[in-house]
Amino acid sequence: MAPDAGAIAALCSSGFARVHESGFVPEDLVLFCELHYSATAIEADLEKSDRFYLVLVYQDKVVGCLRMGSPTLALSKPDSTGIELARFYLDAAHRSGGWGSAMLKMAEEES
């Protein structure tokens, strides 16, 4: 079953906006989320071979998402074998219940 890009986009966009709302001009935050977290952007990202998405679904709703992939940050010592955790969002109702730790463990085993 292919991940629901729209549901992933909604979770990631709201999570990013919540975390970064004090660091952006509101209009810029909206534009950033539209550019990087729209359903179209997520669909394109899901197609990239160097990305790994893990999605947590609870009662038919996407409540968690993490993405790992090739490093994109500028490192002082580049590591072509490294993996970067680029996105990790959990719905508020699913935090502090062990879901995040379980998702990280599964992603680590997958990498």
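How many residues lie between S1 and S2 in the hairpin that they form? The legends below answer this and describe further close-up views of a predicted model.

**View 1. The hairpin of S1 and S2.** Strands S1 and S2 form a hairpin in which 2 residues lie between them. In the turn, glutamine 59 has a positive phi of about 50°. Strand S1 covers residues 51-58 and strand S2 covers residues 61-69; the two run antiparallel and are joined by 8 bridges. Valine 57 has valine 62 of S2 as its bridge partner, and tyrosine 53 is paired in this way with arginine 67 of S2.

**View 2. The open sheet of S1, S2 and S3.** An open sheet is formed by 3 strands in the order S1-S2-S3, with antiparallel pairing. S1 and S3 are the edge strands, each of which pairs on one side only. On average, and with direction ignored, neighbouring strands of this sheet are turned by 15° against each other. Helix H1 lies across S1, S2 and S3 and runs at about 80° to S2. Helix H3 also packs on the sheet, where H3 touches S1, S2 and S3. The direction of H3 makes about 125° with that of S1.

**View 3. The packing of helices H1 and H2.** Helix H1 (residues 5-20) packs with helix H2 (residues 26-37) at an angle of about 145°, and their axes are 10 Å apart. The crossing of these two helices is right-handed. From H1, the residues Ala9, Cys12, Ser13, Phe16 and Ala17 meet Leu29, Phe32, Cys33 and Tyr37 of H2. The residues of this contact comprise 8 nonpolar, 1 polar and no charged.

**View 4. The contact of helices H2 and H3.** The axes of H2 and H3 cross at roughly 35° and come within 5 Å. H2 contributes Leu35, His36 and Tyr37 to the contact, while H3 contributes Ala39, Ala41 and Ile42. Of the residues in this contact, 5 are nonpolar, 1 is polar and none is charged.

**View 5. The largest pocket.** The largest pocket holds about 200 Å³ of space. H2, helix H3 (39-46) and strand S3 (84-90) each supply at least two residues of its lining. Among the lining residues are Phe16, Phe32, His36, Tyr37, Ala41 and Ile42. The lining also includes Asp45, Arg51, Arg67, Thr72, Ala86 and Arg87. By class, the lining residues divide into 6 nonpolar, 2 polar and 4 charged.

Notes. Residues numbered from 1 in each chain as written. Predicted model: local features only at pLDDT ≥ 70, side-chain atom pairs only at ≥ 80, totals over all residues. Heavy atoms only, no water. Axes fitted to C-alpha atoms, helices over the stretch in contact; angles between N-to-C directions. Helix = DSSP H or I, 4+ residues; strand = E, 2+ residues; numbered from the N terminus. Left-handed = near helix turned anticlockwise from the far one by under 90°. Contact = heavy atoms within 4.5 Å. Nonpolar A, V, L, I, M, F, W, Y, C, P; charged D, E, K, R; others polar. 1 Å grid on protein atoms, 1.4 Å probe; cavity = no way out; pocket = protein on both sides within 12 Å on 5 of 7 lines; lining within 4 Å. Points joined across faces, edges and corners; volume = space filled by probe spheres on them. Pairing = 2+ DSSP bridges.
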